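Student: I would like to read this model feature by feature. Can we start with the fold and end with the charged pairs?

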Amino acid sequence: MSSLVEDNPAKRRFEILVDDALAGFTAYEQPQGEVLVFTHTEVDPRFQNMGVGVELIRRTLDQVRERGGRVVPQCRFMAGFIDRHPEYAALVTDQP
């Protein structure tokens with residue numbers, strides 16, 4: 001199983017493709033400078049319980065970090081991931 005996580009700015013979301021199929025996304029509001037406010041994460045039912053959501057969030061946060069950005073994790077799934085992985089806590093801001 002191969003996967004790719006890409007930012008899709010036209011749809012304001014990071015998407016994960018698994019074997020070239022859209023498996024899920026994490027949506028964000030209009031960027032505020034380098035800050036992205038993430039509002040919702042969704043994984044296609046065909047890909048649930050396979051670690052796709054965790055991979056999506058991890059690779060999204062890695063890309064945000066590489067860009068020098070910050071996140072406001074309003075999405076409960078992303079916020080929970082960050083709580084369990086404190087190495088991403090420095091990316092969190094409460095101000096967009």
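Student: Which handedness does the β-α-β unit of β4, α1 and β5 have?

Tutor: Keep in mind that this is a predicted model. The unit made by β4, α1 and β5 is right-handed. Its two strands, β4 and β5 (residues 70-73), pair in the parallel sense over four bridges.

Student: In which sense do β1 and β2 pair?

Tutor: Strand β1 (residues 3-8) and β2 pair in the antiparallel sense, over six bridges. Here D7 stands opposite F14 in β2. The hairpin has four residues between the strands. Look at R12 there: its phi is positive, near 55°.

Student: How many residues does the largest nonpolar core have, and which have the most contacts inside it?

Tutor: Start with the general idea. In soluble globular proteins, nonpolar side chains tend to be buried together. In this model, the largest nonpolar core has 22 residues. F14 and L61 have the most contacts inside it. Two or more residues each come from β2 (13-18), β3 (21-28), β4 (35-43), α1 (52-67) and α2 (76-84). The largest share, five residues, is from α1.

Student: Now the charges. How many salt bridges does the count come to?

Tutor: Again, the general idea first. Side chains of opposite charge can pair when their charged atoms come close. The count here comes to five salt bridges. One of them joins R67 and D7, with the closest N and O atoms 3.1 Å apart.

Student: Which parts does the pair of R67 and D7 tie together?

Tutor: R67 lies in helix α1 and D7 in strand β1, so the pair ties together parts 60 residues apart in sequence. R67 is partly exposed, at 44% relative accessibility. D7 is partly exposed as well, at 22%. The cut-off for buried is under 20%, so D7 does not count as buried.

Student: Is R13 buried or exposed?

Tutor: R13 counts as buried, at 14% relative accessibility. Its side chain meets that of E15 in a salt bridge, 2.7 Å from N to O. E15 is buried too, with a relative accessible area of 11%.

Student: Where do E55 and R59 lie?

Tutor: Both lie in helix α1, four residues apart, which is about one turn of the helix. E55 counts as partly exposed at 23% relative accessibility. R59 is also partly exposed, at 26%.

Terms used: Residues are numbered from 1 along each chain as its sequence is written. This is a predicted model: local features need pLDDT of at least 70, side-chain atom pairs count only at pLDDT 80 or more; totals for chains, interfaces and linings use all residues. Side-chain values use heavy atoms; hydrogens and water are left out. A nonpolar core is a set of buried Ala, Val, Leu, Ile, Met, Phe, Trp, Tyr and Cys residues joined through side-chain atoms within 4.5 Å. Buried means under 20% relative accessible area, exposed over 50%, partly exposed in between (1.4 Å probe, protein chains only). Two strands pair if DSSP finds at least two bridges between them. A crossover is right-handed if, with the strands pointing away from the viewer, the path from the first strand over the helix to the second runs clockwise. A salt bridge is a side-chain nitrogen of Lys or Arg within 4 Å of a carboxyl oxygen of Asp or Glu.
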